[in-house]
Amino acid sequence: MKLPSFDISAEEIKKNSAKIISDAQKRFDHIGSLKQSQRSFQNTVAAFDQIEADVEDQLNILVILQQASPHSTLRESAEHAVNELQRYLDVDIYSQQSLYTALSSCKDKTLSSAEEKVLSKKLLKFKHNGFGLSEKKQNEVLMLKKQLIQEELEFSKNIRECSDELWLTNEELKGLEDNFISSLEQKNGKYRLTMAYPHVTPVMAHAVAAKIRKKVQSTFLNRAREKNLPLLDDILHKRRQLAEKLNHDHYADYILEDRMAKNAATVVSFLDDLQKKFQPRIIGEIQKILDMKQKDFPNAREVEDWDIGYYATRYKNFHFDLDEQKLKSYFPLEHVTTAAFELFKKLFGIEMKEVKEEKKMKGRKAWHKEVELFEVKDTATREILGHFYLDLFPRPGKYSHAAIFPLYEGRRLADGTYQLPACVMFANFSRPTASSPSLLTPGEVKTYFHEFGHILHLLCSRQEYRQLSGYRVAWDFVEVPSQIMENWFYEPESLKLVSKHYETGKPLSDEMIRRMIAAKDTFPALNYSRQVMLSKLNHLYHTEKKVDTTALLKQLWKEIRGIPMPEGTHFQASFGHLIGYAAAYYSYLWSRVFSEDLFTRFQSEGVLNAHVGMELRKKILEPGASEDELVLVENFLGRTSNNKAFFKSIGLV
Ligand SMILES: [Zn+2]
């Protein structure tokens, strides 16, 4: 069992990265120096994949420290090393002529379809680094890429390190639970509200005073504004230049070359169609909110963005008698975790168990004392499938969303043994308080399930090459396993399993479950049109020749959401997915078409049907990126995929 060590000093990090690179380069040089007659797929392409993976394994550890170490000096030196290693992986390796020649010469060999996939993915990366262009142009491409890596890291760092906060009085926090208020730091009669999700979300849903919701939302939407607005302009400009030099119309086309959607026109028509379908429904939803608002303020004429969460909560309370603050009592984190594991065992034949003993961890400490390590086993064969870490509570300087970061991807090592996958889940749930354990809102449970879907994908994929692991599917398919997991949260059978009141020990009653499912999407058009807006924003930022990022956001907000963007806000400055997803934020909606379609089999054959669960594991998760994504979907469904279930799930039927 190989597990990473996070016990590294800032000094060691500095020293190590140069050595990691020089060791790898020696091995790459060897590949480049082979004679054509000696060359095979194994000693060239597979060996290339091994070296890259070895570097990336080390990089991944540093990324975790950069994202979540409690020590700012460690975060900083990790950031520096991440920049260097990322540059080496993305630019330096893929700009070496000898390696390009070596890999290209393998094209003529007889290859299996998996081998062909590995090779073609690598050759595309060479092409994206300017191979085939003049030397001058290629150098410009490489320079732009290096600068972009640095600027993109900085953009993410500015969001992570943002420490904006508000100090509010008890009166200003009216509507929020005592439990919540007493969990906040207190000074001179005021309470400290950070911009972490467990602080912001409850205020937006429950604070009675509209001007407080407005103030909190405005602070939240302006995070990292000073530093990131000019930086974003620069990043978009460089991406534009890069795409042009690589003979693409724009950066979106460059990004989409290896996605399911393939080109910008497909993405635009996908989003336009959704926008058109949502439009009439949004008007109705806004009217419902306005009616409620006018009961509070008879003179109100408009719905503001900061009204939506609050009135959606009131709407649920009134029409479904569902109080989210009370519902939380049914979802203590510890029980939800155990129940989720039960569910996965039933469905996928895997067991997840915490690794507690120091001995088993081989004395290897995680990056923070709250982090827990788990081992995943196949129930039938008792074979270990991999490991994951949970880091679930907010801390200053820690990654502020929920996400999975890979540590190791499954692959065959040079010595013939199989490297088991491992990954990390970051989330930012509410901490336990003096009077209660950590309790999750239904939305947080959904997020938790979502992230477990990513873990399952990474841990269940069984491929020989890293290039074909579950993490490497087309980026607009990557959310399929995570989104399908969300569905179990809205099924009566699984809700019974997952809920357990932290005081009474009772699950949700049938009646409450019925109401919860009925209230699943209170305002689906407003909810999903936000996704459409963000997808379009991402897309247009990367297709327009020149763009005023704030003006465009403001225009789309009004046009697609039907309500004005909160004046003076700049959400784009803290929109982290502009980096990771670049022009491809549409992937969330796109993936949902397939995840909903896949789930129809569970709906018709039983949501806890172990046979269908195992098929999902074998036909979708295990193949990873070794097969065309559409083929995987059709193998599982036994028919061609369609968007009926998707439209139904987003309230469009
Ligand atoms: Zn996800």
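I began with the domains: the centres of domain 1 and domain 2, taken over C-alpha atoms, are separated by 46 Å. I kept in mind that this is a predicted model. I then looked up the bounds and found domain 1 at 10-132, domain 2 at 165-221 and domain 3 at 328-520.

Next entry: the sheet. I found an open sheet of three strands, and reading across it the order is β1-β3-β2. The pairing is antiparallel.

Two bridges join β2 to strand β3 (residues 190-194), in the antiparallel sense. Opposite Q186 I found Y191 in β3.

A helix belongs in this picture too. Helix α9 (residues 210-221) lies across β1 and β3, and I wrote down about 160° for its run relative to β1.

Last entry: a pair of helices. How do helix α12 and helix α23 pack, by angle and by distance between axes? I read an angle of about 80° between α12 (residues 264-296) and α23 (residues 587-605), with the axes 11 Å apart. The two are therefore roughly perpendicular to each other, since angles of 65 to 115 degrees count that way. From α12, I listed T266, F270, L271 and L274 in the contact; from α23, I listed L589, W590 and V593. Sorting these contact residues gave me six nonpolar, one polar and no charged.

Definitions and conventions. Residues are numbered from 1 along each chain as its sequence is written. This is a predicted model: local features need pLDDT of at least 70, side-chain atom pairs count only at pLDDT 80 or more; totals for chains, interfaces and linings use all residues. Side-chain values use heavy atoms; hydrogens and water are left out. Axes are lines fitted to C-alpha atoms, for helices over the stretch in contact, and angles run from 0 to 180 degrees between N-to-C directions. Helices (H or I, at least four residues) and strands (E, at least two) are DSSP runs, numbered from the N terminus. Angles under 35 degrees count as roughly parallel, over 145 as roughly antiparallel, 65 to 115 as roughly perpendicular and the rest as oblique. Contact means heavy atoms within 4.5 Å. Ala, Val, Leu, Ile, Met, Phe, Trp, Tyr, Cys and Pro count as nonpolar, Asp, Glu, Lys and Arg as charged, and the others, Gly among them, as polar. Two strands pair if DSSP finds at least two bridges between them. Domain bounds come from an automatic or database domain assignment.
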